[in-house]
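I opened my notebook to get to know a new structure.

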Amino acid sequence: MQIARTLLELKLHLQNQSQIGFVPTMGALHLGHLSLVQACQKKKYFCVLSIFVNPTQFAAGEDFEKYPRTEKQDLEKCEKAGVDLVWIPTEPDIYPDEDSRKIFPYESPLFNSLCGQFRPGHFKGVLQVVNLLLESVKPQALFLGEKDYQQLILIKHFVQEKNMPIEIVGVPTLRDPDGLAMSSRNQYLNAEERHLAAGLYFALLSGRNLFRKGESSPEQIILEAESNLDQAFDLQYIQLVEADSLMPVKKAEPGQRLLAAAYLGKTRLIDNIAL
Ligand code: AMP
């Protein structure tokens, strides 16, 4: 496995590669991340995984400083999983100066919907870093988890609008055996919270069950999911939206997406399922 820590090293390692699959991450790798690697390998791409905790996607007061950084274990996991190249950029390689951090001329109404309502600046920061990472890696395919569904759709829209010749591959959410969506942030949960955490997924499933019994009112489906969520959660939202546009729906139909975000203690959890 190759490791690049500078842009020059990255360029050298990629110079003879014409079929590059890219898995951008913030590290603290778990099996969910590695399922993206597997999807990349299945399609026979040269698999590049990046590890970069991007400061511009964290709002003030969020967990940028305490976000888990586990480089040694991450590299071991990548090696075992057969990643071809790990890129661990330095902050100056991504943001050479203050302007490059501040200026990113792209807007989307989706920046302020769903999770965006509660995380101002987050999705703009995500697209900013993804754009810079893509410029350096120049992949043919980009592998993203459905776990971060709004992020997946925003990146899809961005790549389409910018006419970038990149295939976007959405990979289903990998879950712990009890149903909790795997996430680097799950390690913030204490034992009691961890015990309750899969409840977010089961609340979404209860909404979907109501739909499958014949209910087509989005309000009723959302209400069902909300009423099945344990009181211990501090709910931010549950929404039913079109899978591609993320616009709220008037009538529930198969394929639409039910998304939720809630705090459990100090940990913010997100999840989503298809109807
Ligand atoms: P992160 O390191 O949290 O920025 O995530 C990097 C990539 O891994 C993103 O495309 C995520 O959507 C994806 N990912 C995170 N958790 C999971 C999961 N449980 N299943 C599938 N993909 C995931």
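My notes start with the ligand and then move to the nonpolar cores.

**Entry 1: the model.** I reminded myself that this is a predicted model.

**Entry 2: where the shell comes from.**

Entry 3: I checked the distances one by one. A polar side-chain atom of Asp-148 lies 2.6 Å from an oxygen atom of the ligand. For Gly-145, a polar backbone atom is 2.9 Å from a ligand oxygen atom. Met-182 also uses a polar backbone atom, 2.9 Å from a nitrogen atom of the ligand. I then looked up the ligand's area: taken alone it exposes 490 Å², and the protein buries 93% of that.

**Entry 4: the nonpolar cores.** I found that the largest core has 43 residues. Leu-14, Val-48, Leu-127, Val-137, Leu-142, Ile-155 and Ile-168 have the most contacts inside it. Helix 7 (residues 122–137) provides the largest share of this core, eight residues. I picked out Leu-127 and, leaving aside neighbours within four places in sequence, listed its contacts: Phe-104, Tyr-106, Phe-111, Leu-154, Ile-155 and Phe-158. Last, I noted a second, separate core of 26 residues, including Leu-180, Ile-221, Phe-233 and Leu-269.

Key:
Residues numbered from 1 in each chain as written. Predicted model: local features only at pLDDT ≥ 70, side-chain atom pairs only at ≥ 80, totals over all residues. Heavy atoms only, no water. Polar contact = N/O pair within 3.5 Å; in protein donor to acceptor, adjacent residues only side chain to side chain. Areas by Shrake-Rupley, 256 points an atom, 1.4 Å probe, with all protein chains shown as cover. Core = buried A, V, L, I, M, F, W, Y, C linked by side-chain atoms within 4.5 Å. Buried < 20%, exposed > 50% of the residue type's maximum accessible area, 1.4 Å probe, protein only. Helix = DSSP H or I, 4+ residues; strand = E, 2+ residues; numbered from the N terminus. Contact = heavy atoms within 4.5 Å.
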